[in-house]
Amino acid sequence: MESRRPPPSPFVENYVVPGDVVLDLSEMTNQTIKLGAGLRQECDTIQATSSGKLRLSKPNKYWVESSQKRYTPSVEDTVLGIVVDTKPDNFLVDIKGPNLAFLPVLAFEGGTRRNIPKFEIGTLIYARVVKANSIMNPELSCMDATGKAAEFGQLKDGYMFDTSTGMSRMLLSSPTCPVLEALGKKLSFEIAVGLNGRVWVNAPAPNTVILVSNAIIRSESLSGIKQRAMVENLLQKLT
Amino acid sequence: MSMDHLRWRPTVNERDFIERVLQSDLRVDGRNSFDFRTLKITLGREDGMSEVQLGETRVMAYVTAQLVQPYRDRPNEGTLAIFTEFSPMADPAFEAGHPGESAIELGQSPDSCFCNLSIQRCVSMEPNVDCLRFSPLRESRAVDMESLCVVAGKQVWSVRVDLHILDNGGNLIDAANIAALAALSTFRRPECTVGGDDGQQVIVHDPEVRDPIPLTIHHMPIAVTFAYFGEGNIVVLDPTYKEEAVMGGRMTATINSNGDVCAIQKAGGEGVMSGVIMQCLRIASVKAADITSKIKKAVDSYTTEKDLKKVKRLPVSVPQKIHVTDVTMENKGDGELETQTQTAKTPSDVQQISKDPAPMVEASSEEDAQPVTDSSNAEAKSTSNPHGANGESDEAQEIGSPKSLKDAIKPKHKRKKKSGRITSYHCLRISAPLPPPQRAFLQDINK
């Protein structure tokens, strides 16, 4: 029997609203489909439960992408969290979600009971979401899947600001987001983007940091060309 | 702990960075130390409603008034009360119905500027209990209370300002103050007369029958907030949300455009040298003048627009080419009237209209003068238009004449001296209901 790919939903890369029927399962047999955020199975159909853009990742993963100011934790996201409290077993970390997240004190490369890192309240952490569902507090880790540190951990110096989740995704997209490209041509800085709507910027000169952060905040509603033009303007004002 | 995790805390990185750049006179959003953020004042769909946007901070003000019994020790004064609502949509740290400490501070500062009698919410008691707060000092009275008295000892107007915080982007005090001032400037209270058998009955007139009256505002106290960092050495104006989280102390100076200091409020925080305070006051007076002019401009353009709307309400029978006659009346202090009429077809005349209401509005803040087109000279006479466009306006007169006379008969208690009033009747509220006798008269005329 030839394996039939499910016909791609007509809504892929289009905007859907709650209630839209995205896929009809009666046409597909023996197919596995993975549903991400914003989709729900109703008998024979898949319906959207939140509004946004329907995305498809080959071969069979669907989800609805929308941009908000608050974050819904989901597994394998890299986020920027702020340490709020320390407990014997976990750090309590705020990741802009409905609940505080737990970061186990041992979830660091080479972490043992003897070398628990000391994070004071207000420390900025770059971490990965390991467990997330709506009923429990999400769990984070500062290691990647293989157990290496891989840039996770505390971020020192620099400046952090908030954006929407859609903006974070745009900053992380490939090819490089226009605003970052335009800024990178003239300035040198380092940047960490959390999918929960937080961005951290660091550069040797404070001017650069201020410029980069303002440029990113302003570029949210601009198209690619306008972003480049805006960055040009800002750079000219400084020099 | 339930809501605690929602409260935003600054990171160590932000705190260090903000303080470090302030040492070099930079601010995180690129402003200078003594720059306000962009101020946008939107005057609402009705009188007494305003929305102010100061950078990211949004505040909405709404003014209402009702007749109440006055306080026993002040029988011939009205009251002004300011209520602040901290909606959780403004900041996750705000809880619905339960003001925190910052709320009390915010609620107190506009009061100290406006009047010396205020009603506030007290957090130590049940959230629903209001407690009276008498301030022993005679603080600046921006709104005239005695003009709100109707029957001394029995009935006075109680004006209530409701401030709704829509978005907390920092510096709520300044934004709320501007919103309240703008709303009070455009608020109109119904006119009422004392009559009846015993001379004690108060009749409140419907706004359609008699134009409502503006409040008497003597001056505009503008609140200017300064934030202190680094042991009181570094001062900035108009802190943002993040700067407020990181600052060492804050001071609000309330100054009017004359340079009078109405109030200074500094609740705790870092100690500051007196020289720095004096410098802040000097800067604040400059900023206050600037903001006062912005508020006045917004209020003026709103009032003009509203008056123009009144003018345009012509009956359908009037042919399109004369779809509007704009009248502006100026009521100078001595009751002398100047009228200029123009049709919409002459663009040059339209320029004039934009200038005229301005002096009028200033005059209205002095005494309770009627708003512009209200000088709806009820005794409309058919004097002709002094400014050209004669033929057209005559036509307009005739076509509109049944309406014109109808309005002519409408009783207006304020009679202005008439000089060159013309097609003024075109600008009157045609839709106002008429008492029966006049209608009968009107029918006679039509025949």
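**View 1. Two helices of chain A cross each other.** In this predicted model, the axes (lines fitted to C-alpha atoms, over the stretch in contact) of helix α3 (residues 206-218) and helix α4 (residues 224-238) of chain A come within 10 Å and cross at roughly 155°. That makes α3(A) roughly antiparallel to α4(A), a word used for angles over 145 degrees between N-to-C directions on a scale from 0 to 180. Their crossing is right-handed.

**View 2. The residues where α3(A) and α4(A) meet.** Look for L211(A), A215(A) and R218(A) on α3(A), which make the contact with M230(A), L234(A), L235(A) and L238(A) of α4(A). Contact means heavy atoms within 4.5 Å.

**View 3. The largest nonpolar core.** This core has 60 residues, and I41(B), L163(B), L184(B), F226(B) and I295(B) have the most contacts inside it. Helix α5 (residues 274-312) of chain B gives the most to this core, with 12 residues. Apart from it lies another core, of 36 residues, among them A203(A), L211(A), A215(A) and L235(A). A core joins buried Ala, Val, Leu, Ile, Met, Phe, Trp, Tyr and Cys residues through side-chain atoms within 4.5 Å; buried means under 20% relative accessible area with a 1.4 Å probe, protein chains only.

**View 4. Around F226(B).** Beyond neighbours within four places in sequence, the contacts of F226(B) include F34(B), V235(B), M251(B), C280(B) and I283(B).

**Notes.** Residues are numbered from 1 along each chain as its sequence is written, and chains are lettered from A in the order in which they are written. Local features need pLDDT of at least 70, side-chain atom pairs count only at pLDDT 80 or more, and totals for chains, interfaces and linings use all residues, while side-chain values use heavy atoms, without hydrogens and water.

Definitions and conventions. Buried < 20%, exposed > 50% of the residue type's maximum accessible area, 1.4 Å probe, protein only. Helix = DSSP H or I, 4+ residues; strand = E, 2+ residues; numbered from the N terminus. Parallel < 35°, antiparallel > 145°, perpendicular 65-115°, else oblique. Left-handed = near helix turned anticlockwise from the far one by under 90°.
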